[in-house]
Amino acid sequence: DAGQLLLPTIDNELITVDLKSGGVVATVPTTGTTPARAVGVRPDGLVVIATEGQIELVDRNTGPTGDVVPVRDVHRMRVRPDGSVLKIGNDARSEIIELGGTSPVVQQRWDIDDGSLVNMRHGRAASVDPTTGGIEVVDLATGERNELSLVRPDGTTPPVVAAIPDSTGGIWTFTGTGAVAARWDSEGQLIDELSMGSRDTYFAGGGFVGEERGTSIIERDDGTTEVSLFAIGTDLEVLMHLDAPDVASAFPAPDDGVYLIDRFGMFRSYDASGAVIDEIDLGVTTLIVNERDESSGFLALAGPRTGVIIDPATGEVDEFPTNGLPSSIDLIDGGRLLVISGADGTVSIWDVERNAPGGVIWNGAGSTGQGASYFDETNGLLWIASSGELVGLEMTPERWIELACTEAGRDFTDEEWDRLVPGAGPRRSACA
């Protein structure tokens, strides 16, 4: 599971082994009194252990959750991908057993249309149905929903491919044909619209929309590409166009410059005149998702096996493993933590300060990522969109320490502290 081997033992323990290093990363007690007949992992990362006498949920880091279902007359059992258990009795009758409970890190969750493309900002999620183009906005704090029907003043409906919540309660939209960016208020009324190309152009992936500046990668029918830097304010305005035939990612840079990364792994910094002022060979290609942290200025890019974190101010580049195909990455806590959301729904942490893995906080077995994740600095929740759900995960290290005491009735050991709590701070108690 996510690069880990889970071993329930006859001594009532669950041992977690890292397959890459071969080392034991966690050992927690279980409550069963007979050998395990089946073991599996739910999409939220909790481990399901089925014995001849019971089925229980176990957190691989803190131990049993307290959710136990007694069973009898067992011939065979199997844990299904959704975490339920198929039990076949000695009389050949079968039944599906559901367990309650949730991972301690899960704080909130809301349903969304499975298959929609989701972007989250400013405490809201905007989803676009790829079939109908319908847009729904969800308030992440309350689950309140608002369906928007966007109509231009001339009566036409824009062919929206992506929507992003803005800071005023409205949304940004991006269309395919014509490379048009538009801003709409909370009622779906058009505020401003800007075409960044002709009718034979469309948006390609790899751009970035910040709070004051945005970049877009535009592809023409003839296969050539260009990058646009645009201002986000009362009026939309294109500040720069750059021809960029091999560009893979583009970010706004200070003083109305642009950062570009090409598909060969070259990083280039441009000033406001379009002149190259810096160049770095990253040593990594096939970087398919990107992120910029507004507070630290760090850039992060990731591909199927490897990613890089770039500090443009110093030119320092650090690599990190992705262990699969990433669907999005997020720099949080002032750039000290990197959250990697896999295309299978798995969410793991890379500790930027220590340049070391921080563990898996959400298991994506059987899940499908539906867009970029989002960290809400106001409450410390990381939101992911996965298999028809918006899930809010607790990402504040102080709360993890409290949860360890609440769930396990004890503090972290030294080994657990080093492995599970990001940063280099000293171990402290939450149970005292």
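A residue is called buried when its relative accessible area is under 20%, exposed when it is over 50%, and partly exposed in between, as computed with a 1.4 Å probe on protein chains only. By this scale Glu 279, with a relative accessible area of 46%, is partly exposed. The structure is a predicted model, in which local features need pLDDT of at least 70 and side-chain atom pairs count only at pLDDT 80 or more, while totals for chains, interfaces and linings use all residues. Residues are numbered from 1 along each chain as its sequence is written, and side-chain values use heavy atoms, with hydrogens and water left out.

Strands are described first. Strands (E, at least two residues) and helices (H or I, at least four) are DSSP runs numbered from the N terminus, and two strands are said to pair if DSSP finds at least two bridges between them. Strand 30 (residues 306-311) pairs with strand 29 (residues 299-302) in the antiparallel sense over four bridges. Within this pairing, Ala 300 has Ile 309 of strand 30 as its bridge partner, and a hairpin of three residues joins strand 29 to strand 30. Strand 30 also pairs in the antiparallel sense with strand 31 (residues 316-321), over six bridges. Here Gly 307 stands opposite Phe 320 of strand 31. Four residues lie between the strands in the hairpin of strand 30 and strand 31, where Gly 315 takes a positive phi near 80 degrees. Strand 30 is mostly covered, since five of its six residues are buried.

Positive phi values also occur in residues other than glycine. For Asp 255, phi is near 60 degrees; this residue lies in the loop between strand 24 (247-253) and strand 25 (257-262). Asp 255 counts as exposed, because its relative accessibility is 73%. For Asn 355, phi is near 50 degrees, and the residue is found in the loop between strand 34 (347-351) and strand 35 (356-362). Asn 355 is partly exposed, with a relative accessible area of 39%.

Val 74 belongs to strand 8 (residues 74-79) and is buried, its relative accessible area being 13%. Contact is defined as heavy atoms within 4.5 Å. With neighbours within four places in sequence left aside, Val 74 is in contact with Arg 37, Glu 52, Lys 87, Ile 88 and Asn 90. Although Val 74 and Ile 88 are 14 residues apart along the chain, their C-alpha atoms are separated by 6.3 Å.

Charged side chains were examined next. Side chains of opposite charge can pair when their charged atoms come close. A salt bridge is a side-chain nitrogen of Lys or Arg within 4 Å of a carboxyl oxygen of Asp or Glu, and twelve are found in a search of the whole structure. One of these joins Arg 152 and Glu 193, with an N to O distance of 2.7 Å. Arg 152 lies in the loop between strand 15 (145-148) and strand 16 (160-165) and Glu 193 in strand 19 (residues 190-195), so the bridge ties together parts that are 41 residues apart in sequence. Arg 152 is buried at 17% relative accessible area, whereas Glu 193 is partly exposed at 30%. A salt bridge of 2.7 Å, N to O, also joins Arg 268 and Glu 279. Because Arg 268 lies in strand 26 (residues 266-270) and Glu 279 in strand 27 (residues 276-281), this pair ties together parts that are eleven residues apart in sequence. Arg 268 is partly exposed, with a relative accessible area of 24%. In the salt bridge of Arg 354 with Asp 351, the closest N and O atoms are 3.0 Å apart. Arg 354 is partly exposed, at 27%, while Asp 351 is buried, at 0%. Salt bridges with shared partners also join Arg 124, Asp 166 and Arg 183 into one network.

Aromatic rings form a further set of pairs. Rings of Phe, Tyr and Trp (its six-membered ring) pair if their centres lie within 6.5 Å; planes under 30 degrees apart count as stacked, over 60 as edge-to-face and the rest as tilted. Five aromatic pairs are found in the whole structure. Among them, Trp 172 and Phe 230 form a tilted pair, 6.2 Å centre to centre with 55 degrees between the planes. This pair links distant parts of the chain, 58 residues apart, with Trp 172 in strand 17 (residues 171-175) and Phe 230 in strand 22 (residues 225-231). Both Trp 172 and Phe 230 are buried.
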